[in-house]
Amino acid sequence: MEKLFLRNITLDGRQVDIEIADGIIRRIRPAGGSGGVEGQIIDCTGKTAMPGFVNAHTHAAMSLLRGVGEDMVLQDWLDHIWAIEAHLDRPFVHDATKVAALEMIKTGTTCFNDMYWHSRMAIQAAEETGIRGLFSYTCLDNFDPEVTARQKNECQTMFEAVQGNLGRQKFAVSIHSVYTVSEELILWATEFARRHGLRIHIHIAETRREVEECQATHGGLSPVEYLDSLGVLGPDVIAAHSLWLSERDVEILGQRSVSCVHNINSNLKLASGYKFLWKELRDAGANVCLGTDGCASSNNLDMLEAMKTAAIVEKAWRSDPTALPLKELLDIATVNGGKALGLKTGRIEEGWDADIQIIDTDSTFFLSPAPFLANYIYSAHSDCISSLICGGRLVMKDRKVCGEEEILSCGRKAIERIESIRNT
C-alpha cells in the first residue's frame with residue numbers, strides 16, 4: 001500500500017504534517033521536516049486538508065444518461081429512464097461508472113453508495129479508478145412472481161461471485177422501493193442481507209404520491225410504517241430521500257437508527273419536495289447523510305454543490321438562517337455517510353481512513369477573513385480541490401486523474417453503442 005507524507009498542510013487552522021500508511025492516517029504532528037519519512041512526500045504549503053465526501057446515494061452509471069429526461073414528473077421520468085435502461089449492457093455500466101468515478105474524484109468524493117444494475121462491472125470500475133464504493137444487487141420485480149424467483153437466484157449468485165473479488169469495495173442489497181418490489185422479495189432480501197451482514201439500500205418516501213399509494217394499498221400505513229411492520233428498518237438500512245415523513249415516521253426512523261439520505265438537487269429538479277426534516281430526524285436518533293442521486297435526475301455528482309443547496313433551502317423553508325450550521329452540514333456530507341456505509345471515514349484524525357481532500361486556497365474565494373468552511377461551502381467551487389486521497393491512495397494530483405482521457409473516450413463510445421441499439 002502506498003505511503004504518503006503531507007508536508008506543511010493546514011488542518012483546523014494549524015500547520016501539520018500527516019503521515020499515511022496502509023490506507024490509514026498514522027500520525028498527525030506539528031509541521032517541521034520530513035526526516036526519516038518513507039513514501040511519497042507532497043508539499044502542501046498554502047493548502048488545506050478536508051475529509052473526503054461520502055455520497056450516500058447515487059446511481060453511478062447514470063452519468064451517461066444525464067439530461068435525457070428533462071422537465072418530467074418522477075413517474076414519467078422513471079418510465080422514460082427504464083425504457084432506456086432496458087438496452088444497457090455490462091460494458092456500458094463499466095464505462096459509465098468509470099465516468100462517474102472520475103467526476104466524483106474531481107469533486108472531492110472518496111466513497112459512494114451505489115444502486116444500479118450489473119454491479120460486478122461497477123465494482124471493477126471503482127477498483128480501476130481507486131475510489132471506494134458500496135455496490136448492491138438491486139431487487140425490483142414489479143410484483144411479477146417469475147421475476148421474484150429469478151432475482152432471488154441472481155442476488156445469491158452475485159453475492160457468491162464477488163466474495164474475494166471486492167478489493168476495497170463493499171457489497172450490499174438494494175430494495176428499490178415499496179411501489180416496485182413485492183412483499184415477498186422485500187422480506188427475502190432483508191433476511192438475506194442480515195444473514196450475511198450486508199447493508200440494505202432503499203428508496204423511501206421520495207414523493208407524496210408514493211406515500212398516498214402505499215397508504216391506499218397497505219391499510220393506511222406510510223412506506224416507513226409498512227417497512228417497519230415487516231421488520232425491515234434498522235441501523236443497517238440506508239433510506240434514500242426520506243422526504244415525505246409524518247411525525248410517526250420520523251419517530252420510527254430514529255428509533256431504528258436508520259441512515260436517511262437527503263438528495264436535495266434531485267428532489268428539487270423533479271419537484272418531489274424540499275422540506276427535508278434533517279433536524280427532527282437527527283433529534284429522533286436517525287443518522288442523516290447527503291447524496292446527489294443519479295445524474296439523470298440531479299445532473300451532476302458534485303457534493304459541494306449539494307451541500308450549499310441543502311443548507312440554503314433548509315434555511316429558506318424554515319425561515320431560519322441558523323437552520324443548518326456549517327459543522328453539522330460538513331458532518332452530513334462526510335462522517336455520517338461513512339457511518340451509513342460502515343466505514344471509518346469523514347474525520348482527519350489518527351487511526352481513521354485516509355480519505356482526504358487537499359484544497360488550494362489561492363483564489364478569490366478564500367481571500368475573505370470568514371471561517372474557512374464558510375468560504376469553502378458557500379463561495380468556492382469543487383475545482384479548488386487540487387488533489388484527493390482515497391483510502392490512502394493518491395487518485396488525483398494537481399487536478400489530474402490517471403487515465404482520465406481514456407475514461408472520457410470510452411464514455412463517448414458507450415453512448416454511441418447505446419444510441420445505436422436504441423435506434424435499431
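Colleague: Is lysine 98 buried or exposed?
Modeller: Lysine 98 is buried, at a relative accessible area of 17%, where buried means under 20% relative accessible area, exposed means over 50%, and partly exposed is in between, with a 1.4 Å probe and protein chains only. Please keep in mind that this is a predicted model, in which local features need pLDDT of at least 70 and side-chain atom pairs count only at pLDDT 80 or more, while totals for chains, interfaces and linings use all residues. Residues are numbered from 1 along each chain as its sequence is written, and side-chain values use heavy atoms, with hydrogens and water left out.

Colleague: Where is lysine 98 placed, and which side chain is joined to it by a polar contact?
Modeller: Lysine 98 belongs to helix α2, residues 90–106; helices (H or I, at least four residues) and strands (E, at least two) are DSSP runs, numbered from the N terminus. Its side chain and that of glutamate 128 are joined by a polar contact of 3.2 Å. Such a contact is a pair of N or O atoms within 3.5 Å; within protein, one must be able to donate a hydrogen and the other to accept it, and residues adjacent in sequence count only if both atoms are side-chain atoms.

Colleague: And what is lysine 98 in contact with, leaving aside neighbours within four places in sequence?
Modeller: With those neighbours left aside, lysine 98 is in contact with Ala125, Glu128, Thr129 and Ile407, contact being heavy atoms within 4.5 Å.

Colleague: Changing topic, how many disulfides does a search of the whole structure find?
Modeller: The search of the whole structure finds zero disulfides, a disulfide being a pair of cysteine sulfur atoms within 2.5 Å.

Colleague: Over how many bridges do β10 and β11 pair?
Modeller: Strand β10 (residues 199–204) pairs with strand β11 (residues 237–241) in the parallel sense over five bridges, and histidine 241 in β11 is the bridge partner of isoleucine 204.

Colleague: On to the rings, how many aromatic pairs does the structure hold?
Modeller: There are seven aromatic pairs in the structure; rings of Phe, Tyr and Trp (its six-membered ring) pair if their centres lie within 6.5 Å, and planes under 30 degrees apart count as stacked, over 60 as edge-to-face and the rest as tilted. One of them is the edge-to-face pair of phenylalanine 112 and phenylalanine 135, at 5.3 Å centre to centre with 90° between the planes. Phenylalanine 112 lies in strand β7 (residues 109–114) and phenylalanine 135 in strand β8 (residues 132–139), so this pair ties together parts that are 23 residues apart in sequence. Phenylalanine 112 is buried at 0% relative accessible area, and phenylalanine 135 counts as buried at 1%.

Colleague: What about phenylalanine 366 and phenylalanine 372, how do they pair?
Modeller: Phenylalanine 366 and phenylalanine 372 form a stacked pair, 5.5 Å centre to centre and 15° between the planes. Phenylalanine 366 is buried at 12% relative accessible area, whereas phenylalanine 372 counts as partly exposed at 24%, and together with Phe53 and Tyr376 they form one aromatic cluster.

Colleague: Last one, what is the phi of aspartate 22?
Modeller: Aspartate 22 has a positive phi of about 55° although it is not a glycine. Aspartate 22 sits in the loop between β2 (14–21) and β3, and is partly exposed at a relative accessible area of 49%.

Colleague: And where is aspartate 398 found?
Modeller: Aspartate 398 is found in the loop between β16 (393–397) and β17 (400–401). Aspartate 398, not a glycine, has a positive phi of about 55°, and is exposed at 53% relative accessible area.

Definitions and conventions. Pairing = 2+ DSSP bridges.
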